[in-house]
Amino acid sequence: MAAGSSNYWEDLRKQARQLENELDLKLVSFSKLCTSYSSTRDGRRDRYSSDTTPLLNGSSQDRMFETMAVEIEQLLGKLTGINDKMAEYTNSAGVPSLNAALMHTLQRHRDILQDYTHEFHKTKANFLAIRERENLLGSVRKDIESYKSGSGVNNRRTELFLKEHEHLRNSDRLIEETISIAMATKENMTSQRGMLKSIQSKMNTLANRFPAVNSLIQRINLRKRRDSLILGAIIGICTILLLLYAFH
């Protein structure tokens, strides 16, 4: 009985590993399909910038996406069933005493299943978002192309209006730049005028001070001359008195 149970468990593990390997390969291919889908659309958008070729032409990639998504979902369902059988086995009566090891193995397979499921849903969501975005861009491009082809005269008139509007904007910008330059020049001239007034005021102050200084210097010189004359007269008188006293 134990040998039969062991064989049953090993068979379940073998099936689980086989499904996990298949899922791993499928998910890698699924991720590459999503990446190639995005790259293809980007290349077409760069190549057909003239709006003369439809943006979307990936019906084969869409069919491949649907097919691979169904296959992966089927494999995930099978792996989920295997995990459920393994869980039933670990909870059944008569399981050997190595129940902890079995639970650890079951938990590892569950983690792998959870990772694969998360990766699948994430890749699928990214693919659908890219496809929705590209479909929206394609619809917008078609609407623009239809509008251009159906109203050539209106487009020409609109283009002329846009050009005239652009000229007016350029003129306004030039006027604003000219006004800015004039305001800056006015501020500089005002500043220079203030500086000149300050210099003139200082020069007037100095000019007013110099006459007073000259007058003071002249007074000092006159006083020095007077003192020299008085001193000379005193020396002369003293000399005469000494001579008179000596020859008396």
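pLDDT is the predictor's confidence in each residue, from 0 to 100. This is a predicted model, in which local features need pLDDT of at least 70, side-chain atom pairs count only at pLDDT 80 or more, and totals for chains, interfaces and linings use all residues. Residues are numbered from 1 along each chain as its sequence is written, and side-chain values use heavy atoms, with hydrogens and water left out.

**Stop 1: the whole chain**

Colour by confidence. The protein averages a pLDDT of 77, and 74% of the residues score at least 70. Confidence is highest in H2, at 88, and lowest in H1, at a mean of 77. Now switch to cartoon. The protein has four helices and zero strands. Helices (H or I, at least four residues) and strands (E, at least two) are DSSP runs, numbered from the N terminus. The pattern along the sequence is α-α-α-α.

Next, select residues 46–57. Their pLDDT stays under 50. The model has 19 contacts for them beyond four places in sequence. Contact means heavy atoms within 4.5 Å. Across the protein, take the contacts with a separation of 6 or more: residues 24 or more positions apart account for 79% of them.

Show the surface. Of the 248 residues, 19% count as buried. Buried means under 20% relative accessible area, exposed over 50%, and partly exposed in between (1.4 Å probe, protein chains only).

**Stop 2**

The structure holds five aromatic pairs. A pair of aromatic rings is described by the distance of the centres and the angle of the planes. Rings of Phe, Tyr and Trp (its six-membered ring) pair if their centres lie within 6.5 Å; planes under 30 degrees apart count as stacked, over 60 as edge-to-face and the rest as tilted.

Select tyrosine 8 and tyrosine 89. This pair is tilted, at 5.9 Å centre to centre and 55° between the planes. Tyrosine 8 lies in helix H1 (residues 2–47) and tyrosine 89 in helix H2 (residues 59–91), so the pair ties together parts 81 residues apart in sequence. Tyrosine 8 counts as partly exposed, at 39% relative accessibility. Tyrosine 89 counts as buried, at 9%.

**Stop 3: phenylalanine 65 and phenylalanine 127**

Select these two next. Their ring centres are 3.9 Å apart and their planes are at 10°, so the pair is stacked. Phenylalanine 65 is in helix H2 and phenylalanine 127 in helix H3 (residues 99–150), 62 residues apart. Both phenylalanine 65 and phenylalanine 127 are buried. Ring pairs link Phe30, Phe65, Phe120 and Phe127 into a cluster.

**Stop 4**

Go to glutamate 20, in helix H1. Which side chain of opposite charge is nearest to glutamate 20? That is arginine 108, 5.4 Å away. Lys and Arg count as positive and Asp and Glu as negative; His and the chain ends are not counted. Glutamate 20 is buried yet has no salt bridge, meaning a side-chain nitrogen of Lys or Arg within 4 Å of a carboxyl oxygen of Asp or Glu. Leaving aside neighbours within four places in sequence, glutamate 20 is in contact with Leu79, His109, Ile112 and Tyr116.

Now pick glutamate 10, also in helix H1. Glutamate 10 counts as partly exposed, at 38% relative accessibility.

**Stop 5: residues 229–247**

Finish here. The unreviewed UniProt entry annotates residues 229–247 as "transmembrane region". UniProt positions are given in the numbering used here, feature names are shortened, and annotations may be inferred rather than shown by experiment. In the model, the span is 100% helix and 0% strand, with its end C-alpha atoms 27 Å apart.
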